[in-house]
Amino acid sequence: MNPLPKNESFPRILGRVTRAEFVGRGKELDRIVKQATRQASGRGLLLLMEPSAGVSELLRQAYDQLFSLRTDTIPIYFAFTRNELTAVSAAIEFLNTFLQQYIAYRRNEPSLSYTALTLHDLVDLAPPADLEWVSQLVESYKTLRFSNDDKAFVRFCLGVPQKVPVKFGRPFVMLDGAQLADQLNGSVTLGPEVLRVFGQAGLSFLLAGLRRQILKAAYDAKCDFETLDVLRLEQLDSDEARILVERVAHRQQVSISEEGRDLLVQQFGGSPFFITKFLHSAREKRLTLTSYVDCQRLYVDELMGGQIERHFADLFEEIAPEPETRLALTRLLWETASGDKAISPIESFGKRLNLGPDQLERMLRKLHMHEFVNWNGALVEAGGGPQVWKDYLKARYRLDVLSEPRAVVVADALTEALKRAPRTMARHYKQQAKLGLRALLAGFDLQRIPALLFDSVRFRHNYRGLAQENLITALEAETELVKLPQVVHVASCTAFDNELRQVCEEGLCAVAHGFEEAMYTDAREVVWLAAQVEAKLAVEAGVVLTWCERLAGLARSRGFRRYRIWLISDEGFADNAAEVIKEYEAFTSDRQQFELLAGRFGEKSWLSGTVETDGEFLMVVPMGEDNELIAATAVEQIARRLNFQPTAINQIKTAIVEACINAAEHSFSPDRKIYQRFRAESDRLVITISSRGIVPSSFGGSQGTSIEVAQAGQERRGWGLKLIKTLMDEVEFERVDEGTSLRMTKYLRNSSA
Amino acid sequence: MEIPSGSLVRSHCVGTTAVVYASDYLNKLTGEKIERECRRQLDSGCRALVIDFSDTELVNSIGISILLGIIDIAERNGAQVVFSDVNLQTVELFDMLGLTRHVALARDEHEALLSLSDFDTTPLSH
């Protein structure tokens, strides 16, 4: 077959959006199309989906692509729905869908794929070459339909793909929503039955559903895992999710700000399902989403009675059909989740829900399948799941269990959501700004690295201030080298010790298991314990000692026999830390060393641009690379036009430089850009410096205008804002949802200016 | 004789006094280069430092914090520091941040060297 070139569009048949509008999942789509080819003939693909990761559109896109390719692979897409109440009715629907899509493909009439047709219509539409086997199939169906053997009938319906004569093509069946198959009443459990029929028939097929459920169904059906492939489907990453929000908002004609977009991405954890539902609701209610308040108001509405509430309510109803049980379950889940360890023994669940062992097991299995809990047999852990689930559960607990007034619950949910929004974004931006410790460690593979890159004190003395090109040359000439281990596994420190969450953000510390010389023996096994220490100045001995003790303690508690501590800090480590570093034989690096190390993995480049509008100059410069000078030079020209005196011009330039440095240092900006607006008025120059990212706690709080006299040896950073306030006449932070927007005004004075 | 020093910071020695020239913009990068050069001069036996700002038009707060670090280093080495040819705007900044409490200012390099002539600049034994 001739696969379509990437990004080439194909006609939309079942897809709800065109290929161009379909965001992310490119690799998964390619993988599914590849699975349908002759090379993978006879193999099944289990598509294991994280809850709410969204799979249906991916499969519909795969259908459309396979249909367009016109090979001997005949695509069939069937989605189990909540409309079917029994396995028999679902099997009938499958047979009907199969014949319809088969005939659509054979006749090359895409519209037949979704037109409402009866079996009689299908026989009439069957191409002459297919008429014989289709007619026979329909006759057999009519005979079996009214027999008493449901299992035989279900197998007959599911077995239709095997009845297609080989000369007419090979059906590739994609089954969507396998979790719903388990909800069907009757004597047949459809999920495992599907796997039995397809797995044993040597057909190429795909079964998509919740990851925990699909794997269990495969085991229950005693599948031959040798003939099955697995594809995992998780939430979209932040970049893809941002594009999805933009595209859906555009399609739904919902106005949304960048801040709102990014909040939705983080709040919904990149879930296409929730993002799409949310934006549909915004469209229905004709809302704009241009601020955090807009977003969180709709979010709370959705939790209390919108599509998100209905989604969880439906699932809860399936899991616990009886209202009393549902109420007790809500109480139990919330109380367990909000407990110290978020864990409860299964006996406690049984007793408080007043259920027999079989009922309890069924309920827990479903809760586990939807990942509302983790159930390992003896214990139930209830603290996990996405934020939206936690918010829903809390709201239901307060409304249904505590019977609190709805207005109180709504008001609390909204205020909490608003307070959480900047924290959510701050966490995200910090994650983005982190040095990529885990990725770097994962790349360790016996490389030889100048030892100086792991010795920040010596590096500072030998190399700080050296021009970049000279530094690289000097490093190349270094003869003392460290040979890195081959790292085989990297995880956050918090995965090894949950208590470390209190002192370290996930991603800022990592545990890397590796082997020196790639020799897999106890003697060569080594664990690197790396941590990024947040500090604006060189880290002093006391902090270094705390971190060394902390990481050494982790090594002891986890039985790491040989380990290496590696501490990283932006400004490196103070001379007085040398003894502690030596005692623990720790490696230390500052940001420059780290980046030199990481430089082998890629590099960034930045662009800048300037726009002039009526009476205003707008300028965007990338952070770093002394770009604040570009802004300072630009404002100098503007200030000269306004006849500011040289002293005042210099003050303005210095203030701009400081504002840019503050923006770059404090914001954890996602786009690493500084937005500048210069407005020249008759008696003043108004400058606004903005950046996206977090609002540093020190900003906006300090109202003083006097400069504190610095003492040698005291804190020597954080002077920027104070300087700005002294140099400019008016300084004010404008209210923005995220990041900072600092407005500075300098008045024109005729005399001294 | 002027020494380029490999890090693009101009400097030269007058007896045991090193004269180090700051560039047009004193920020983190150029500040660190000056610090490196000052350390190098002190390690070579210099007993006094003159940092000349005749080319310097703009200074930021990070650059100033590095200057304070240089003053510390000099103090630890028993060396004197004088800043020369600092423009008025930069003096204003130094004043605001208390830098002028820890360092002498001279109108130009010549005056700086004269002011240091009273100071004992005997080389330390290594």
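1. H16(A) lies across E6 and E8 of chain A, and its direction is about 75 degrees from that of E6(A). Axes here are lines fitted to C-alpha atoms, for helices over the stretch in contact, and angles run from 0 to 180 degrees between N-to-C directions. Helices (H or I, at least four residues) and strands (E, at least two) are DSSP runs, numbered from the N terminus. Contact means that two C-beta atoms, placed from the backbone, lie within 7 Å.

2. A word on the source. This is a predicted model, in which local features need pLDDT of at least 70 and side-chain atom pairs count only at pLDDT 80 or more, while totals for chains, interfaces and linings use all residues. Residues are numbered from 1 along each chain as its sequence is written, and chains are lettered from A and ligands numbered from 1 in the order in which they are written.

3. The sheet under point 1 is open and has three strands. Its order is E6-E8-E7 (chain A), and the pairing is antiparallel. Strands E6 (343-345) and E7 (374-375) of chain A are at the edges; each has a single partner strand, so one side of each lacks a neighbour in the sheet. Pairing requires at least two DSSP bridges between two strands. E6(A) and E8 (residues 379-381) of chain A are joined by three bridges. A:Pro345 is opposite A:Leu379 in E8(A).

4. H16 (residues 346-353) of chain A also packs on H15 (residues 323-337) of chain A. The angle is about 145 degrees, and the axes are 10 Å apart. The crossing of H15(A) past H16(A) is right-handed; that term means the near helix is turned clockwise from the far one by less than a right angle, and left-handed means anticlockwise. From H15(A) come A:Thr325, A:Ala328, A:Leu329 and A:Leu332; they meet A:Phe349, A:Arg352 and A:Leu353 in H16(A). By class, this contact has five nonpolar, one polar and one charged residues. Nonpolar covers Ala, Val, Leu, Ile, Met, Phe, Trp, Tyr, Cys and Pro; charged covers Asp, Glu, Lys and Arg; the others, Gly among them, are polar.

5. A second sheet of chain A is also worth checking. It is open, with five strands in the order E11-E12-E13-E14-E15 (chain A) and mixed pairing. E11 and E15 (587-590) of chain A are the edge strands, pairing on one side only. On average, neighbouring strands are turned by 20 degrees against each other, direction ignored. H26 (residues 591-598) of chain A lies across E14 (563-569) and E15 of chain A, at about 95 degrees to E15(A).

6. Look at E12 (residues 509-515) of chain A. Five of its seven residues are buried, so this strand is largely enclosed by the rest of the structure. Buried means 20 or more other C-beta atoms within 10 Å of the residue's own, exposed means 12 or fewer, and partly exposed lies in between; C-beta atoms are placed from the backbone. Six antiparallel bridges link E12(A) to E11 (residues 486-492) of chain A. There, A:Ser492 has A:Ala510 as its bridge partner. Seven antiparallel bridges link E12(A) to E13 (residues 525-533) of chain A. A:Val511 is opposite A:Leu529 in E13(A).

7. A:Leu475 belongs to H22 (residues 468-477) of chain A. This leucine is partly exposed, with 17 other C-beta atoms within 10 Å. Beyond four places in sequence, A:Leu475 contacts A:Pro450, A:Leu452 and A:Leu596.

8. Chain B has four helices and eight strands. Their order from the N terminus is β-β-β-β-α-β-β-α-β-α-β-α. Of its 126 residues, 51% are buried.

9. Now the interface. 24 residues of chain B contact 27 residues of chain A. H1 (28-43), H2 (61-76) and H3 (88-96) of chain B each supply at least two residues of the side of chain B that touches chain A. H2(B) gives the most, with six residues. By class, that side of chain B has 10 nonpolar, nine polar and five charged residues.

10. The largest nonpolar core has 71 residues, and those with the most contacts inside it include A:Ile656, A:Cys660, B:Val20 and B:Leu49. Such a core is a set of buried Ala, Val, Leu, Ile, Met, Phe, Trp, Tyr and Cys residues joined through C-beta atoms within 7 Å. H28 (residues 646-666) of chain A gives the most to this core, with 11 residues. A second, separate core of 67 residues includes A:Ala62, A:Phe94, A:Leu137 and A:Leu175.
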